[in-house]
Amino acid sequence: MANKPSKAKFIGELLVPVAPFDQKSGREAWTVAFAPNGSYFAWSQGHRIVRLIPWTKCLNSFSVDHGEEDTNALSPRHLSRQSSNGGQVVPAAGQPPEHTIDCGDIVWGLAFGSSVPEKHSRCVNIEWHRFKFGQDQLLLATGLNNGRIKIWDVYTGKLLLNLMDHTDVVRDLTFAPDGSLMLVSASRDKTLRVWDLKDDGNMVKVLRGHQNWVYCSSFSPDSSILCSVGAGKSVFLWNMDKFTLIRKLEGHHHDVVSCEFSPDGALLATASYDTRVIVWDHHKATILLELGHLFPPPSPIFAGGANDRWVRSVSFCPDGRHIASVTDDRLVRFWSIEERAPLAIASVSNGLCCAFSAQGSVLAAGTRDGSVHFWECPRSIASLQHMCRMALRRVMSTQQVEALAIPALLCDYLTYKVI
(Lines give C-alpha, C1' and ligand atoms only; values in the text may rest on other atoms or scores of the structure.)
Protein backbone atom coordinates (compact mmCIF):
# COMPACT_ATOMS: atom_id res chain seq x y z
CA MET A 1 0.00 0.00 0.00
CA ALA A 2 1.44 3.37 -0.99
CA ASN A 3 2.11 5.90 1.75
CA LYS A 4 -0.25 8.82 2.02
CA PRO A 5 1.33 11.85 0.30
CA SER A 6 2.69 14.54 2.59
CA LYS A 7 1.72 18.19 2.28
CA ALA A 8 4.22 20.17 0.24
CA LYS A 9 5.72 23.13 2.12
CA PHE A 10 4.23 26.40 0.88
CA ILE A 11 6.83 29.18 0.93
CA GLY A 12 5.20 32.22 -0.65
CA GLU A 13 3.19 33.82 -3.42
CA LEU A 14 3.25 36.73 -5.84
CA LEU A 15 -0.06 38.54 -6.12
CA VAL A 16 -1.29 40.80 -8.89
CA PRO A 17 -2.77 44.22 -8.19
CA VAL A 18 -6.56 44.13 -8.18
CA ALA A 19 -8.51 47.09 -9.51
CA PRO A 20 -12.27 47.39 -8.90
CA PHE A 21 -12.97 47.11 -12.63
CA ASP A 22 -10.81 44.02 -13.10
CA GLN A 23 -12.55 41.09 -14.71
CA LYS A 24 -11.40 37.49 -14.32
CA SER A 25 -10.91 37.09 -18.06
CA GLY A 26 -7.50 38.21 -19.28
CA ARG A 27 -5.86 37.89 -15.87
CA GLU A 28 -4.54 34.36 -16.36
CA ALA A 29 -0.89 33.55 -15.60
CA TRP A 30 -0.53 31.27 -18.60
CA THR A 31 3.18 30.87 -18.12
CA VAL A 32 5.98 31.16 -15.54
CA ALA A 33 9.72 30.79 -16.18
CA PHE A 34 13.05 30.77 -14.36
CA ALA A 35 16.23 32.06 -15.99
CA PRO A 36 18.66 29.17 -16.65
CA ASN A 37 21.31 30.84 -14.46
CA GLY A 38 18.82 31.31 -11.62
CA SER A 39 19.01 35.12 -11.74
CA TYR A 40 15.42 35.99 -12.65
CA PHE A 41 11.86 34.78 -12.35
CA ALA A 42 9.25 35.86 -14.93
CA TRP A 43 5.52 35.43 -15.08
CA SER A 44 2.68 36.67 -17.25
CA GLN A 45 0.37 38.22 -14.68
CA GLY A 46 -2.46 38.83 -17.14
CA HIS A 47 -3.62 41.98 -18.95
CA ARG A 48 -0.53 42.05 -21.26
CA ILE A 49 1.88 42.46 -18.34
CA VAL A 50 5.03 40.40 -17.74
CA ARG A 51 6.91 40.81 -14.47
CA LEU A 52 10.66 40.20 -14.24
CA ILE A 53 11.88 39.85 -10.66
CA PRO A 54 15.40 38.96 -9.46
CA TRP A 55 15.00 35.48 -7.97
CA THR A 56 17.04 36.38 -4.86
CA LYS A 57 14.52 39.15 -4.15
CA CYS A 58 11.70 36.61 -4.36
CA LEU A 59 13.50 34.23 -2.03
CA ASN A 60 14.29 36.99 0.45
CA SER A 61 10.68 38.13 0.48
CA PHE A 62 9.64 34.52 1.16
CA SER A 63 12.27 34.21 3.91
CA VAL A 64 14.03 31.42 2.07
CA ASP A 65 17.78 31.41 2.29
CA HIS A 66 19.03 31.89 -1.29
CA GLY A 67 20.82 28.88 -2.71
CA GLU A 68 19.78 26.71 0.22
CA GLU A 69 16.88 24.34 0.38
CA ASP A 70 16.07 25.13 4.01
CA THR A 71 13.59 27.74 5.10
CA ASN A 72 13.77 29.47 8.45
CA ALA A 73 11.06 29.48 11.06
CA LEU A 74 9.25 32.51 9.65
CA SER A 75 5.85 31.90 8.15
CA PRO A 76 5.37 32.09 4.36
CA ARG A 77 5.27 35.61 3.02
CA HIS A 78 4.04 37.22 -0.13
CA LEU A 79 5.13 40.30 -2.03
CA SER A 80 2.48 42.89 -1.31
CA ARG A 81 0.12 43.92 -4.04
CA GLN A 82 1.84 47.29 -4.07
CA SER A 83 5.41 46.06 -4.35
CA SER A 84 4.54 43.48 -6.99
CA ASN A 85 3.01 46.20 -9.11
CA GLY A 86 4.50 49.52 -10.11
CA GLY A 87 7.00 50.34 -12.80
CA GLN A 88 10.77 50.31 -12.40
CA VAL A 89 11.79 49.45 -8.86
CA VAL A 90 15.09 51.03 -7.84
CA PRO A 91 17.38 48.12 -6.89
CA ALA A 92 19.95 48.17 -4.13
CA ALA A 93 23.55 48.70 -5.22
CA GLY A 94 24.75 45.74 -7.26
CA GLN A 95 21.29 44.21 -7.40
CA PRO A 96 19.76 43.34 -10.80
CA PRO A 97 16.79 45.58 -11.66
CA GLU A 98 13.14 44.53 -11.58
CA HIS A 99 10.98 45.22 -14.64
CA THR A 100 7.31 45.44 -15.50
CA ILE A 101 6.86 44.94 -19.25
CA ASP A 102 3.72 45.82 -21.16
CA CYS A 103 3.76 43.45 -24.15
CA GLY A 104 0.78 45.08 -25.86
CA ASP A 105 -1.30 41.90 -25.97
CA ILE A 106 -2.17 38.85 -23.83
CA VAL A 107 0.99 36.84 -23.13
CA TRP A 108 0.67 33.06 -23.57
CA GLY A 109 4.29 31.91 -23.71
CA LEU A 110 7.55 32.92 -21.99
CA ALA A 111 11.12 31.66 -22.35
CA PHE A 112 14.55 32.79 -21.19
CA GLY A 113 17.49 32.46 -23.53
CA SER A 114 21.18 33.00 -22.83
CA SER A 115 24.01 33.04 -25.31
CA VAL A 116 27.25 31.12 -25.51
CA PRO A 117 29.51 33.33 -27.66
CA GLU A 118 31.53 30.46 -29.20
CA LYS A 119 28.34 28.67 -30.30
CA HIS A 120 27.93 29.91 -33.85
CA SER A 121 24.69 30.70 -35.56
CA ARG A 122 23.60 28.20 -38.20
CA CYS A 123 23.25 31.12 -40.58
CA VAL A 124 26.03 31.24 -43.19
CA ASN A 125 26.05 34.90 -44.19
CA ILE A 126 27.00 36.55 -40.93
CA GLU A 127 28.46 39.75 -42.30
CA TRP A 128 26.69 42.32 -40.16
CA HIS A 129 24.21 42.01 -37.36
CA ARG A 130 22.37 44.48 -35.17
CA PHE A 131 23.01 42.42 -32.06
CA LYS A 132 26.27 41.03 -30.77
CA PHE A 133 25.10 38.70 -28.03
CA GLY A 134 27.75 38.44 -25.35
CA GLN A 135 28.43 36.08 -22.46
CA ASP A 136 26.21 37.91 -19.98
CA GLN A 137 23.30 38.41 -22.36
CA LEU A 138 19.93 37.26 -21.04
CA LEU A 139 16.87 37.47 -23.27
CA LEU A 140 13.17 36.97 -22.60
CA ALA A 141 10.90 35.85 -25.43
CA THR A 142 7.16 36.54 -25.08
CA GLY A 143 4.53 34.84 -27.26
CA LEU A 144 1.42 36.93 -27.80
CA ASN A 145 -2.26 36.53 -28.57
CA ASN A 146 -1.88 38.24 -31.95
CA GLY A 147 0.76 35.78 -33.18
CA ARG A 148 3.74 38.03 -32.55
CA ILE A 149 6.85 37.17 -30.57
CA LYS A 150 8.64 39.98 -28.77
CA ILE A 151 12.23 39.60 -27.57
CA TRP A 152 13.34 41.67 -24.57
CA ASP A 153 16.69 42.40 -22.91
CA VAL A 154 16.15 41.15 -19.34
CA TYR A 155 18.69 43.48 -17.72
CA THR A 156 17.35 46.69 -19.32
CA GLY A 157 13.73 45.74 -20.03
CA LYS A 158 14.15 47.07 -23.60
CA LEU A 159 12.45 45.56 -26.66
CA LEU A 160 15.03 44.08 -29.05
CA LEU A 161 13.07 42.21 -31.72
CA ASN A 162 9.52 41.81 -32.97
CA LEU A 163 9.02 38.50 -34.81
CA MET A 164 5.95 38.36 -37.02
CA ASP A 165 5.06 35.20 -38.93
CA HIS A 166 2.52 33.21 -36.96
CA THR A 167 -1.11 33.79 -37.90
CA ASP A 168 -2.60 32.82 -34.52
CA VAL A 169 -1.81 32.72 -30.78
CA VAL A 170 1.81 31.83 -29.91
CA ARG A 171 1.05 29.36 -27.14
CA ASP A 172 4.55 28.34 -26.09
CA LEU A 173 8.23 29.23 -26.56
CA THR A 174 11.44 27.32 -25.86
CA PHE A 175 15.11 28.14 -26.40
CA ALA A 176 17.69 25.50 -27.32
CA PRO A 177 19.65 24.86 -24.09
CA ASP A 178 22.99 24.88 -25.93
CA GLY A 179 23.26 28.69 -25.91
CA SER A 180 22.88 28.97 -29.68
CA LEU A 181 19.85 31.28 -29.23
CA MET A 182 17.71 29.10 -31.47
CA LEU A 183 14.10 29.71 -30.46
CA VAL A 184 11.11 27.47 -31.21
CA SER A 185 7.54 28.81 -31.09
CA ALA A 186 4.40 26.66 -30.91
CA SER A 187 1.19 28.20 -32.20
CA ARG A 188 -2.52 27.70 -32.65
CA ASP A 189 -1.86 28.10 -36.38
CA LYS A 190 -0.83 24.38 -36.23
CA THR A 191 2.87 25.08 -36.87
CA LEU A 192 6.14 25.30 -34.99
CA ARG A 193 8.64 27.89 -36.18
CA VAL A 194 12.38 27.92 -35.60
CA TRP A 195 14.09 31.31 -35.22
CA ASP A 196 17.80 32.18 -35.08
CA LEU A 197 18.18 35.14 -32.75
CA LYS A 198 21.90 35.38 -33.50
CA ASP A 199 20.81 36.10 -37.07
CA ASP A 200 18.61 39.03 -35.99
CA GLY A 201 15.62 36.74 -35.41
CA ASN A 202 15.62 35.26 -38.91
CA MET A 203 13.09 32.41 -39.28
CA VAL A 204 14.98 29.24 -40.16
CA LYS A 205 12.25 26.63 -40.59
CA VAL A 206 8.53 25.90 -40.28
CA LEU A 207 7.75 22.48 -38.77
CA ARG A 208 4.44 21.14 -40.06
CA GLY A 209 2.68 17.95 -39.03
CA HIS A 210 0.23 18.86 -36.29
CA GLN A 211 -3.37 18.76 -37.50
CA ASN A 212 -4.59 21.10 -34.74
CA TRP A 213 -3.35 23.68 -32.24
CA VAL A 214 0.19 23.16 -30.91
CA TYR A 215 0.27 23.70 -27.14
CA CYS A 216 3.83 23.11 -26.03
CA SER A 217 7.34 22.20 -27.16
CA SER A 218 10.52 21.26 -25.36
CA PHE A 219 14.17 20.69 -26.34
CA SER A 220 16.21 17.71 -25.20
CA PRO A 221 19.18 18.84 -23.02
CA ASP A 222 21.64 18.40 -25.91
CA SER A 223 19.33 20.42 -28.22
CA SER A 224 19.25 17.63 -30.82
CA ILE A 225 15.57 16.64 -30.36
CA LEU A 226 12.43 18.74 -30.02
CA CYS A 227 9.22 17.35 -28.57
CA SER A 228 5.93 19.03 -29.48
CA VAL A 229 2.38 18.30 -28.31
CA GLY A 230 -1.05 19.75 -29.00
CA ALA A 231 -4.74 19.21 -29.62
CA GLY A 232 -4.42 15.56 -30.57
CA LYS A 233 -3.26 12.36 -28.93
CA SER A 234 0.19 12.13 -30.54
CA VAL A 235 3.54 13.28 -29.17
CA PHE A 236 5.83 14.53 -31.97
CA LEU A 237 9.62 14.14 -31.90
CA TRP A 238 11.71 16.23 -34.31
CA ASN A 239 15.36 15.98 -35.38
CA MET A 240 16.61 19.54 -34.89
CA ASP A 241 19.73 19.11 -37.01
CA LYS A 242 17.72 18.18 -40.11
CA PHE A 243 14.34 19.68 -39.03
CA THR A 244 12.59 16.40 -39.82
CA LEU A 245 10.01 14.36 -37.92
CA ILE A 246 11.64 11.38 -36.17
CA ARG A 247 8.47 9.64 -34.94
CA LYS A 248 5.19 10.06 -33.13
CA LEU A 249 4.63 8.53 -29.70
CA GLU A 250 1.14 7.03 -29.31
CA GLY A 251 -0.40 6.26 -25.92
CA HIS A 252 -2.47 9.23 -24.75
CA HIS A 253 -6.27 9.21 -25.17
CA HIS A 254 -6.91 12.97 -25.22
CA ASP A 255 -5.16 16.26 -26.09
CA VAL A 256 -1.54 16.41 -24.92
CA VAL A 257 -0.83 19.83 -23.42
CA SER A 258 2.61 19.84 -21.80
CA CYS A 259 5.97 18.10 -22.26
CA GLU A 260 9.47 18.18 -20.79
CA PHE A 261 12.64 16.08 -21.02
CA SER A 262 14.52 14.86 -17.97
CA PRO A 263 17.83 16.69 -17.30
CA ASP A 264 19.84 13.74 -18.68
CA GLY A 265 17.66 13.50 -21.80
CA ALA A 266 16.83 9.84 -21.16
CA LEU A 267 13.17 10.38 -20.25
CA LEU A 268 10.31 12.46 -21.61
CA ALA A 269 7.27 13.43 -19.52
CA THR A 270 4.00 14.39 -21.26
CA ALA A 271 0.77 15.59 -19.66
CA SER A 272 -2.70 15.13 -21.12
CA TYR A 273 -6.35 15.86 -20.52
CA ASP A 274 -6.71 12.05 -20.31
CA THR A 275 -5.80 12.45 -16.57
CA ARG A 276 -2.29 11.00 -17.00
CA VAL A 277 1.34 11.99 -17.14
CA ILE A 278 3.29 9.47 -19.19
CA VAL A 279 7.05 9.04 -18.76
CA TRP A 280 8.53 7.71 -22.01
CA ASP A 281 11.76 6.23 -23.21
CA HIS A 282 11.54 8.36 -26.35
CA HIS A 283 14.52 6.61 -27.95
CA LYS A 284 12.50 3.38 -28.15
CA ALA A 285 8.98 4.89 -28.13
CA THR A 286 8.04 2.89 -25.02
CA ILE A 287 6.08 3.87 -21.90
CA LEU A 288 8.14 3.46 -18.71
CA LEU A 289 5.73 4.95 -16.17
CA GLU A 290 2.17 6.26 -15.99
CA LEU A 291 1.31 8.78 -13.30
CA GLY A 292 -2.47 8.62 -12.88
CA HIS A 293 -4.53 11.46 -11.43
CA LEU A 294 -7.85 9.56 -11.37
CA PHE A 295 -8.48 6.15 -9.79
CA PRO A 296 -9.43 3.87 -11.28
CA PRO A 297 -8.03 5.35 -14.51
CA PRO A 298 -10.71 6.15 -17.09
CA SER A 299 -11.12 3.79 -20.02
CA PRO A 300 -9.90 5.26 -23.34
CA ILE A 301 -13.44 6.14 -24.41
CA PHE A 302 -14.06 8.19 -21.24
CA ALA A 303 -10.52 9.60 -21.09
CA GLY A 304 -11.30 11.52 -24.27
CA GLY A 305 -14.11 13.49 -22.62
CA ALA A 306 -14.50 16.20 -20.01
CA ASN A 307 -13.46 15.48 -16.43
CA ASP A 308 -12.10 17.34 -13.42
CA ARG A 309 -8.65 15.73 -13.58
CA TRP A 310 -7.28 17.30 -16.75
CA VAL A 311 -3.54 17.68 -16.32
CA ARG A 312 -2.57 21.22 -17.32
CA SER A 313 1.20 21.19 -16.93
CA VAL A 314 4.13 18.93 -16.14
CA SER A 315 7.68 19.86 -15.13
CA PHE A 316 10.80 17.72 -14.60
CA CYS A 317 12.93 18.63 -11.59
CA PRO A 318 16.63 19.35 -12.35
CA ASP A 319 17.53 16.49 -9.95
CA GLY A 320 16.15 14.03 -12.52
CA ARG A 321 14.15 12.22 -9.83
CA HIS A 322 11.05 14.33 -9.29
CA ILE A 323 8.17 15.47 -11.51
CA ALA A 324 5.48 18.05 -10.72
CA SER A 325 1.99 18.18 -12.23
CA VAL A 326 -0.83 20.74 -12.07
CA THR A 327 -4.38 19.44 -12.47
CA ASP A 328 -7.94 20.77 -12.63
CA ASP A 329 -8.78 19.07 -9.32
CA ARG A 330 -7.05 22.03 -7.59
CA LEU A 331 -3.93 20.13 -6.64
CA VAL A 332 -0.23 20.31 -7.41
CA ARG A 333 1.41 16.90 -7.10
CA PHE A 334 5.08 16.07 -6.59
CA TRP A 335 6.03 12.63 -7.90
CA SER A 336 9.14 10.51 -7.65
CA ILE A 337 10.12 8.57 -10.77
CA GLU A 338 10.47 5.59 -8.41
CA GLU A 339 6.83 5.62 -7.24
CA ARG A 340 3.41 5.44 -8.85
CA ALA A 341 1.74 7.54 -6.16
CA PRO A 342 2.48 11.21 -5.36
CA LEU A 343 5.14 11.98 -2.75
CA ALA A 344 3.57 15.30 -1.78
CA ILE A 345 0.54 17.41 -2.71
CA ALA A 346 -0.48 21.04 -2.34
CA SER A 347 -3.68 22.97 -2.96
CA VAL A 348 -3.84 25.49 -5.75
CA SER A 349 -7.11 26.81 -7.15
CA ASN A 350 -7.25 27.09 -10.93
CA GLY A 351 -3.60 26.19 -11.59
CA LEU A 352 -2.46 26.55 -15.20
CA CYS A 353 1.32 26.08 -15.40
CA CYS A 354 4.34 25.09 -13.34
CA ALA A 355 8.13 25.29 -13.47
CA PHE A 356 11.04 24.31 -11.23
CA SER A 357 13.72 26.78 -10.20
CA ALA A 358 17.15 26.32 -11.80
CA GLN A 359 18.41 24.38 -8.76
CA GLY A 360 15.15 22.44 -8.46
CA SER A 361 14.49 23.33 -4.83
CA VAL A 362 11.35 25.41 -5.55
CA LEU A 363 8.29 24.89 -7.76
CA ALA A 364 6.29 27.85 -9.07
CA ALA A 365 2.68 27.49 -10.30
CA GLY A 366 0.69 30.17 -12.14
CA THR A 367 -3.10 30.46 -11.75
CA ARG A 368 -6.15 31.85 -13.54
CA ASP A 369 -6.21 34.93 -11.29
CA GLY A 370 -2.69 35.91 -12.36
CA SER A 371 -0.97 35.01 -9.09
CA VAL A 372 1.96 32.62 -8.59
CA HIS A 373 2.41 30.20 -5.68
CA PHE A 374 5.71 28.63 -4.57
CA TRP A 375 6.47 25.36 -2.75
CA GLU A 376 9.57 23.52 -1.70
CA CYS A 377 10.26 20.38 -3.69
CA PRO A 378 10.38 17.23 -1.51
CA ARG A 379 13.97 16.65 -0.49
CA SER A 380 16.09 13.52 -0.44
CA ILE A 381 19.69 12.68 -1.20
CA ALA A 382 20.26 11.31 -4.69
CA SER A 383 22.06 7.97 -4.71
CA LEU A 384 25.49 7.72 -6.29
CA GLN A 385 24.01 5.18 -8.72
CA HIS A 386 21.41 7.68 -9.92
CA MET A 387 24.03 10.41 -10.38
CA CYS A 388 26.21 8.02 -12.37
CA ARG A 389 23.19 6.98 -14.43
CA MET A 390 22.38 10.60 -15.25
CA ALA A 391 26.00 11.32 -16.21
CA LEU A 392 26.05 8.32 -18.55
CA ARG A 393 22.61 8.98 -20.06
CA ARG A 394 23.53 12.55 -20.91
CA VAL A 395 25.82 11.17 -23.61
CA MET A 396 24.31 7.77 -24.50
CA SER A 397 20.97 6.78 -26.04
CA THR A 398 19.03 3.71 -24.87
CA GLN A 399 20.24 1.77 -27.90
CA GLN A 400 23.88 2.62 -27.12
CA VAL A 401 23.46 1.50 -23.52
CA GLU A 402 21.83 -1.77 -24.63
CA ALA A 403 24.83 -2.46 -26.87
CA LEU A 404 27.23 -2.35 -23.89
CA ALA A 405 28.63 -5.65 -22.57
CA ILE A 406 27.10 -5.26 -19.10
CA PRO A 407 24.81 -7.42 -16.92
CA ALA A 408 21.11 -7.29 -17.80
CA LEU A 409 20.12 -5.84 -14.43
CA LEU A 410 22.58 -2.96 -14.78
CA CYS A 411 21.36 -2.36 -18.32
CA ASP A 412 17.76 -2.22 -17.06
CA TYR A 413 18.77 0.29 -14.40
CA LEU A 414 20.65 2.51 -16.83
CA THR A 415 17.72 2.48 -19.27
CA TYR A 416 15.23 3.29 -16.44
CA LYS A 417 13.37 0.01 -16.88
CA VAL A 418 14.23 -0.69 -13.28
CA ILE A 419 13.92 2.70 -11.66
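Predicted model: local features only at pLDDT ≥ 70, side-chain atom pairs only at ≥ 80, totals over all residues.

User: Which residues of α3 are buried?

Analyst: Helix α3 spans residues 384-393, and its buried residues are His386, Arg389, Met390 and Arg393.

User: Where around the axis do they sit?

Analyst: These residues cover an arc of only 95° around the axis, so they lie on the same side of α3.

User: Why would residues spaced like that point the same way?

Analyst: An α-helix has 3.6 residues a turn, so residues three or four places apart point the same way.

User: Changing topic: what is the space in the second largest pocket?

Analyst: The second largest pocket holds about 250 Å³ of space. It is lined by 16 residues, of which Asp222, Ser224, His283, Arg393 and Arg394 are the closest to its centre. Arg393 is also one of the buried residues of α3.

User: How many of the lining residues are nonpolar, polar and charged?

Analyst: The lining of this pocket has seven polar, five nonpolar and four charged residues.

User: And the protein as a whole: how many helices and strands?

Analyst: The protein has 30 strands and five helices. Of its 419 residues, 56% are buried.

User: What about the accessible surface?

Analyst: The accessible surface is about 18000 Å², and carbon and sulfur atoms account for 53% of this area.

User: What share of contacts joins residues at least 24 apart?

Analyst: The share is 54%, counted among contacts between residues at least 6 apart in sequence.

Key
Residues numbered from 1 in each chain as written. Heavy atoms only, no water. 1 Å grid on protein atoms, 1.4 Å probe; cavity = no way out; pocket = protein on both sides within 12 Å on 5 of 7 lines; lining within 4 Å. Points joined across faces, edges and corners; volume = space filled by probe spheres on them. Nonpolar A, V, L, I, M, F, W, Y, C, P; charged D, E, K, R; others polar. Helix = DSSP H or I, 4+ residues; strand = E, 2+ residues; numbered from the N terminus. Buried < 20%, exposed > 50% of the residue type's maximum accessible area, 1.4 Å probe, protein only. Contact = heavy atoms within 4.5 Å. Areas by Shrake-Rupley, 256 points an atom, 1.4 Å probe, with all protein chains shown as cover. Arc of directions from axis to C-beta.
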